[in-house]
Amino acid sequence: MNRKLTIGTRGSELALWQANFVKDRLAEIGVEAELKIIKTQGDIIQHLRLDKLEGKGFFTKELEEELLSGQIDLAVHSHKDLPTVNPPGLIIAAVSDREDPSEVLIIHKDCVDISKRLSVKHAATIGTSSNRRKAQLLSIRPDLEFDDLRGNLQTRVQKLRDEKYDAIMLAKAGVSRINMDLSDFHIEELSPIMLVPAPAQGVLAIQIREDDKELFNILQGINDAEVAETIAVERKVLNLFDAGCHAPLGSYCRKVDGKFQSWTSIADDNEDFPDRVFFESETSEGMAEKIFAKYSKDRKLPSSIFITRDLDENSYLARSLKKHSIEVDDRSLIRIFPTINKLDSFILKRADWIFFNSRNAIEHFFKLEPLILKKTKIAVLGRGSEETLRKFNRTADFTGDHLGINTEGIGSEFAKLVDGQTVLFPRAEGSLQTIRKALTENTKIIDMPIYETVIEEEVDKSNADVLIFTSPSNVEAYFRENLVDPGQKIICIGNSTAKVISEMGLPYTLPYSPDEIGLAEAIFGLDY
């Protein structure tokens with residue numbers, strides 16, 4: 001290309017970082033470019049909430065006008081700010097690789113309470129102007145309050161320093177890109193499968209005139225085709241719901257081991273409990289349409305469920321079921337008894353890590369009042385165990401959250417982390433010990449059975465539409481006297497539970513994550 005390109009960008013530090021990133025990528029393929037700073041409606045109007053600004057392109061309109069008039073050759077946008085339909089005459093020619101799409105809750109240190117989920121104090125005021133974030137945060141912590149937050153990243157963080165909020169929520173991508181110093185705050189990172197991000201969050205979009213074929217061909221040299229395929233699913237979901245960037249909709253898609261995995265969260269407004277769906281497919285084609293169909297107003301949901309554990313009426317799952325008037329029969333079919341009444345302090349001192357694979361293991365371990373050294377780190381299998389751990393004022397140094405029910409994958413990742421160290425496993429008698437088996441020969445293992453389960457002698461049959469089993473012992477207890485009725489669906493928590501059901505020749509659904517959010521996704525995703 002003979003001409004020097006002009007890149008249009010907003011003037012914030014983050015926008016300039018993004019434009020310079022594209023400029024540097026172009027330089028790598030021998031294309032020279034310069035920046036032109038353009039103010040947008042979203043930059044100028046700071047006193048209104050985002051959802052009160054007219055139109056859906058208030059961070060992009062002025063850049064697009066300059067592009068159409070030929071004043072610039074390309075515009076660099078945060079892809080999540082773009083409407084799903086381009087203005088006539090413009091196209092997205094390329095996208096960047098994807099920065100981590102997680103969210104970060106940045107908490108003032110005077111407002112930290114690690115015993116609570118998200119580590120923020122009761123009734124804390126969170127700064128955010130995102131209805132999507134509000135709806136999902138309220139589903140996890142209904143006690144939270146919210147206040148609108150506008151301005152560039154530095155302005156938002158300074159407002160937190162000035163104690164105008166107890167915490168603020170930002171996209172991790174922006175914080176990481178400009179390398180913000182947040183050392184004076186407590187940071188809680190929320191993975192994209194816990195709090196579903198905005199479609200295309202963490203991705204840059206390069207927009208050009210549709211008739212600039214030469215530039216389009218050149219930009220393919222910096223286009224990330226795999227990212228383009230996954231965010232196309234997310235943006236199609238957004239398009240099907242006809243939702244703008246202020247809608248309480250989150251959509252995240254990724255490709256893992258050749259399969260496409262997608263999470264969707266949508267609410268009617270920022271105070272409505274969101275419905276979530278997890279969907280997996282061999283291909284991205286038609287994926288968004290299948291996700292959209294799950295939210296059809298005419299789609300049938302179960303009228304009742306049975307679950308083999310007590311369900312707190314204020315829990316995530318209970319509130320999700322209550323929204324759709326789904327009746328609950330909750331009762332554990334097993335009793336749990338401790339097998340030891342005292343911990344050896346010498347054994348605890350030897351441990352570099354303590355790994356918990358269940359809530360019961362955590363509960364029974366801490367009832368023994370362990371003296372854990374500061375150097376000792378704690379690992380848990382998933383979000384449910386991590387939440388239980390917080391009740392004892394501890395947080396996990398490792399969690400398999402992002403790998404869901406893939407215990408082999410969690411074991412492999414944990415094995416690399418603890419190679420050559422000493423790991424203590426408090427557990428139930430007869431547990432499968434999948435994580436322990438994944439560890440290397442260099443790793444020392446302290447095996448500690450601390451409780452056993454005894455199944456109930458008599459278990460009443462359930463006529464619920466859905467049967468949810470939380471452990472192999474509960475499966476054994478239920479099917480000792482009972483059978484599955486025609487049409488009843490089965491959901492299993494964890495691979496060990498699923499294995500027992502599978503050996504019985506029964507079909508089942510396995511939630512991606514073995515916790516209440518995963519269960520809610522599985523129930524909402526069932527077909528009738």
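In strand 8, G127 has I168 as its bridge partner. Strand 6 (residues 125-127) and strand 8 (residues 167-171) run parallel and are joined by two bridges. Two strands count as paired if DSSP finds at least two bridges between them. This is a predicted model, in which local features need pLDDT of at least 70 and side-chain atom pairs count only at pLDDT 80 or more, while totals for chains, interfaces and linings use all residues. Residues are numbered from 1 along each chain as its sequence is written, and side-chain values use heavy atoms, with hydrogens and water left out.

- Helices (H or I, at least four residues) and strands (E, at least two) are DSSP runs, numbered from the N terminus.
- Axes are lines fitted to C-alpha atoms, for helices over the stretch in contact, and angles run from 0 to 180 degrees between N-to-C directions.
- Contact means heavy atoms within 4.5 Å.

- Another open sheet has four strands in the order 15-14-22-23, with parallel pairing.
- Strand 15 (327-330) and strand 23 (489-492) stand at the edges with a single partner strand each, so one side of each has no neighbour in the sheet.
- Here the twist averages 20 degrees from one strand to the next.
- Four bridges pair strand 22 (residues 466-469) with strand 23 in the parallel sense. I468 has I491 as its bridge partner in strand 23.
- Helix 17 (residues 495-503) packs on this sheet and touches strand 22 and strand 23. The direction of helix 17 makes about 145 degrees with that of strand 23.
- Helix 18 lies across strand 14, strand 22 and strand 23, running at about 160 degrees to strand 23.

**Cavities**

- The structure holds two cavities of 30 Å³ or more. A cavity is a set of points, on a 1 Å grid over the protein atoms alone, where a 1.4 Å probe fits but cannot get out; lining residues have an atom within 4 Å of a point. Points are joined across faces, edges and corners, and a volume is the space filled by probe spheres set on them.
- The largest cavity holds about 110 Å³ of space. Its lining has 14 residues, with D275, S320, H324, A520 and F524 nearest the centre.
- Strand 13 (275-281), helix 10 (316-323) and helix 18 (516-525) each give two or more residues to that lining.
- The lining of the largest cavity divides into nine nonpolar, two polar and three charged residues. Ala, Val, Leu, Ile, Met, Phe, Trp, Tyr, Cys and Pro count as nonpolar, Asp, Glu, Lys and Arg as charged, and the others, Gly among them, as polar.
- The second largest cavity has a volume of about 40 Å³. F21, V22, R25, V95, S96, L204, I206 and I222 line it.
- Helix 1 gives the most, with three.

**Aromatic pairs**

- The structure holds 22 aromatic pairs. Rings of Phe, Tyr and Trp (its six-membered ring) pair if their centres lie within 6.5 Å; planes under 30 degrees apart count as stacked, over 60 as edge-to-face and the rest as tilted.
- F241 and Y295 form an edge-to-face pair, 5.3 Å centre to centre, with 80 degrees between the planes.

Conventions
On a 1 Å grid over the protein atoms alone, a cavity is a set of points where a 1.4 Å probe fits but cannot get out, and a pocket is an open set with protein on both sides within 12 Å along at least five of seven lines; lining residues have an atom within 4 Å of a point.
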